[in-house]
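Visitor: I would like to go through some of the labels used for this structure and ask what stands behind each one.

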Amino acid sequence: MPSLVMIAPAPVIDADNRLQLDIKFVEGMRVTQAMWPDRIICVLRRGAATIPFGAEFDRADLPFELVVLAPDEPLGPAHLGGHDLIYASGDDFHCLRLADSLQPEQKIVYVIEYTHETRMQILWLDRSRSMIRRLRGAVWLLQQERLRRKAFRRADGLQSNGYPAHDLYGPMCRDSLLYLDGRMTPALFATETEMAAREAYRAAGGPLRLIFSGRLEPMKGAQDLVPVARRLQTLGVDFTLDIFGVGSLRDEIASGIRALGADGRIRLHAPVDFETGLVPFTRQNADIFVGCHRQSDPSCTYLEAMGCGVAVASYDNRMWSRLNQESGAGWSAALGSVDALADQIADAARRPDEITSRSRKAWAFSKAHGFHEEFRLRMEHLARIAGGG
């Protein structure tokens, strides 16, 4: 029975006898553990100040064994020895030299989300860094990228979340798998009744219902939401925009909504639970998801919105460009062009039948890549490598 050690980038806070973990991470680990024949050891690092979508857990109730390290505590044989398979984050620079600590019979599989291009995009969008700090950061990222590529070439397997990472890193590893991450389980997908209700609403000519959910940060393009709305107003589009999320831009967005005089048309919501709040709202009150992402991270938000039966209008980053080609789920606009994105949405507003068609395609594609289906692929991939197949 192969033993598995997972080294994950998820945040953890274990001060004062309290254990806080990201809810999505724990949900994923429950599925992972259910599909693995032995109890999994999961290694996390301290360092998070807060966990926005976290909750408190009793260590004894976790479906896996948890090891918590100091922020820069080295990983080595003491943590990895005696285990058959090491499953490590390629996004975590602490994990890029792990092969040096493994015995010949041990195997290592990396999982990767961000490409070097995406890391650089995030760096240059970071408003908190001066130009000097950005340049220093760029040099450090380049150094880490060299180590990352070397690690992938030595690895026994690689799992890439999203098309950009798979296209770039997949050829470097002897056994690569593409997966699309998301949280949509069968109970969360839109129903046929909800799809029909949305289509009837569009045919009746009500306001176009736009939605954004995610981190309100520059890397997610949240700074473009109010400018897109302003352009839509100028174009005479009858619309509403519901914004869900937390982040450094929340106050700026709230101020922009007031300045635009669109308090009734644009609604900035308090954070809500994904399953009981965001998903039901999206299934019943949205027509198009607005994706302002200026970089090419895999963003599970696309698949999750699509699973709610919602079409997507997004900037033409590498992830959405390929996902849209594969799914036919929406529209693309030039990267970073607020006017182009708003114009694309305005054009869609005049074509309710096209919104219906793309929403149906979005729904079907997301259902084919549900949470359990994608996790099963990943665990089968790990089991095959651990068994020498």
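Visitor: What do the buried residues of α4 pack against?

Guide: The buried residues of α4 pack against β7 (107–112), α3 (116–125), β8 (157–161) and α5 (163–169). Contact means heavy atoms within 4.5 Å. The helices (H or I, at least four residues) and strands (E, at least two) are DSSP runs, numbered from the N terminus. This is a predicted model, in which local features need pLDDT of at least 70 and side-chain atom pairs count only at pLDDT 80 or more, while totals for chains, interfaces and linings use all residues. Residues are numbered from 1 along each chain as its sequence is written, and side-chain values use heavy atoms, with hydrogens and water left out.

Visitor: Which residues of α4 are buried?

Guide: Arg134, Gly137, Ala138, Leu141, Gln144, Glu145, Arg148, Ala151 and Phe152 are buried in α4.

Visitor: Why is Ser3 called buried?

Guide: Buried means under 20% relative accessible area, exposed over 50%, and partly exposed in between (1.4 Å probe, protein chains only). Ser3 has a relative accessible area of 12%, so Ser3 is buried. Ser3 lies in the segment before β1 (4–13). Apart from neighbours within four places in sequence, Ser3 is in contact with Asp38, Gly82, His83, Asp84 and Leu85.

Visitor: What makes Pro104 count as exposed?

Guide: The relative accessibility of Pro104 is 79%, and therefore Pro104 counts as exposed. Pro104 sits in the loop between β6 (85–89) and β7.

Visitor: How do you know that the span of helix α1 agrees with what its twelve residues should give?

Guide: The expected span of a helix is 1.5 Å times one less than its number of residues. For helix α1 (residues 23–34) that should be 16 Å, and the end C-alpha atoms are 17 Å apart, so the two agree. The buried residues of α1 pack against β1, β2 (20–22), β3 (41–45) and α14 (371–386).

Visitor: Why is α7 called roughly parallel to α8?

Guide: Helix α7 (residues 225–234) and helix α8 (residues 250–260) pack at an angle of about 20 degrees, with their axes 10 Å apart. Angles under 35 degrees count as roughly parallel, over 145 as roughly antiparallel, 65 to 115 as roughly perpendicular and the rest as oblique. Therefore α7 is roughly parallel to α8.

Visitor: Which residues make the contact?

Guide: Val226, Ala229, Arg230 and Gln233 of α7 meet Ile253, Gly256, Ile257 and Leu260 of α8.

Technical notes: Axes are lines fitted to C-alpha atoms, for helices over the stretch in contact, and angles run from 0 to 180 degrees between N-to-C directions.
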